[in-house]
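Let's walk through a protein model together, one question at a time. Have the viewer open and follow along as we go.

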Amino acid sequence: MTDGERFVGALPRKVDFHDPSKRRSYERTRRVAVRLVDEPGLLAEARDYLERHVRTDPRQSRYYALWTDLLRQDVRQVVQHLLEDSVEGDLLRDTQPVFVVLPSEASRALGLRTPEENQERR
């Protein structure tokens, strides 16, 4: 078991979902959170993503500020915020930058389209 798996596994787990897509988003975020703890350098990937894709969009200025502030914190604090059962946690899951692309098997297990399937739809 990795350090990320232990850390994420020890956090309180959200169990009440009003929408199946919110459950899938939460489960995907848990997998991403494990990777973040195990590979804290992924926070730099998220910061780069924000700079390239979010900073210049005035409609996303609120989310840019929110994430820029959050990504200045320790990786474990970022993970705790991402996974908390709160309005803020839900907002963070809905607006999270790309930290990492999950392997196709993990995406399928969550009922999500894989990167390959997304390409085929274009």
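Q: With which residue does Lys22 form a salt bridge whose closest N and O atoms are 3.4 Å apart?
A: A quick note before we start: this is a predicted model. A salt bridge needs a side-chain nitrogen of Lys or Arg within 4 Å of a carboxyl oxygen of Asp or Glu. At 3.4 Å between the closest N and O atoms, the partner of Lys22 is Asp90.

Q: How many residues apart in sequence are the parts that Lys22 and Asp90 tie together?
A: Lys22 lies in helix α2, whereas Asp90 lies in helix α6. The pair therefore ties together parts of the chain whose separation in sequence is 68 residues.

Q: Is Lys22 buried, partly exposed or exposed?
A: Buried means under 20% relative accessible area and exposed means over 50%. Lys22 has 27% relative accessibility, so Lys22 counts as partly exposed.

Q: And how does Asp90 count: buried, partly exposed or exposed?
A: The relative accessibility of Asp90 is 26%. With buried meaning under 20% and exposed over 50%, Asp90 counts as partly exposed.

Q: Which residue meets Lys22 in a salt bridge of 2.6 Å, N to O?
A: Here too the cut-off for a salt bridge is 4 Å between nitrogen and carboxyl oxygen. The side chain that meets Lys22 at 2.6 Å belongs to Asp94. This pair also links distant parts of the chain, with Lys22 in helix α2 and, 72 residues apart, in helix α6, Asp94.

Q: What is the relative accessibility of Asp94?
A: Asp94 counts as partly exposed. That class lies between the buried limit of 20% and the exposed limit of 50%. The value for Asp94 is 46%.

Q: Which residue forms a salt bridge with Glu39?
A: Side chains of opposite charge can pair when their charged atoms come close. For Glu39, the closest N and O atoms of the pair are 2.9 Å apart.

Q: Is α1 roughly parallel, roughly perpendicular or oblique to α2?
A: The axes of helix α1 (residues 3–10) and helix α2 (residues 20–38) come within 7 Å and cross at roughly 130°. Roughly perpendicular covers 65 to 115 degrees, and roughly antiparallel begins over 145. The angle of this pair therefore makes α1, relative to α2, oblique.

Q: How many charged residues does the contact of α1 with α2 have?
A: From α1, the contact uses Asp3, Gly4, Glu5, Phe7, Val8 and Gly9, which meet Arg30, Ala33, Val34, Val37 and Asp38 in α2. By class, there are 5 nonpolar and 2 polar residues, and the number of charged residues is 4.

Q: How is α5 oriented to α6: roughly parallel or roughly perpendicular?
A: Helix α5 (residues 75–83) packs against helix α6 (residues 87–95) at an angle of about 105°, with the axes 6 Å apart. The range of 65 to 115 degrees counts as roughly perpendicular. So the orientation of α5 to α6 is roughly perpendicular.

Q: Which residues of α6 are in contact with α4?
A: The axes of helix α4 (residues 61–70) and α6 come within 11 Å and cross at roughly 105°. That angle makes α4 roughly perpendicular to α6. On the α4 side, the contact is made by Arg62, Tyr63, Leu66, Trp67 and Leu70, and on the α6 side by Leu91, Leu92 and Thr95.

Q: Is Pro97 buried or exposed?
A: Pro97 sits in the loop between α6 and α7 (104–109). Leaving aside its neighbours within four places in sequence, Pro97 is in contact with Ala46, Tyr49, Leu50 and Trp67. Its relative accessibility is 4%, so Pro97 counts as buried.

Q: How many helices does the protein have?
A: Read along the sequence, the pattern is α-α-α-α-α-α-α-α. The secondary structure has 0 strands, and the number of helices is 8.

Key: Residues numbered from 1 in each chain as written. Predicted model: local features only at pLDDT ≥ 70, side-chain atom pairs only at ≥ 80, totals over all residues. Heavy atoms only, no water. Axes fitted to C-alpha atoms, helices over the stretch in contact; angles between N-to-C directions. Helix = DSSP H or I, 4+ residues; strand = E, 2+ residues; numbered from the N terminus. Parallel < 35°, antiparallel > 145°, perpendicular 65-115°, else oblique. Contact = heavy atoms within 4.5 Å. Nonpolar A, V, L, I, M, F, W, Y, C, P; charged D, E, K, R; others polar. Buried < 20%, exposed > 50% of the residue type's maximum accessible area, 1.4 Å probe, protein only.
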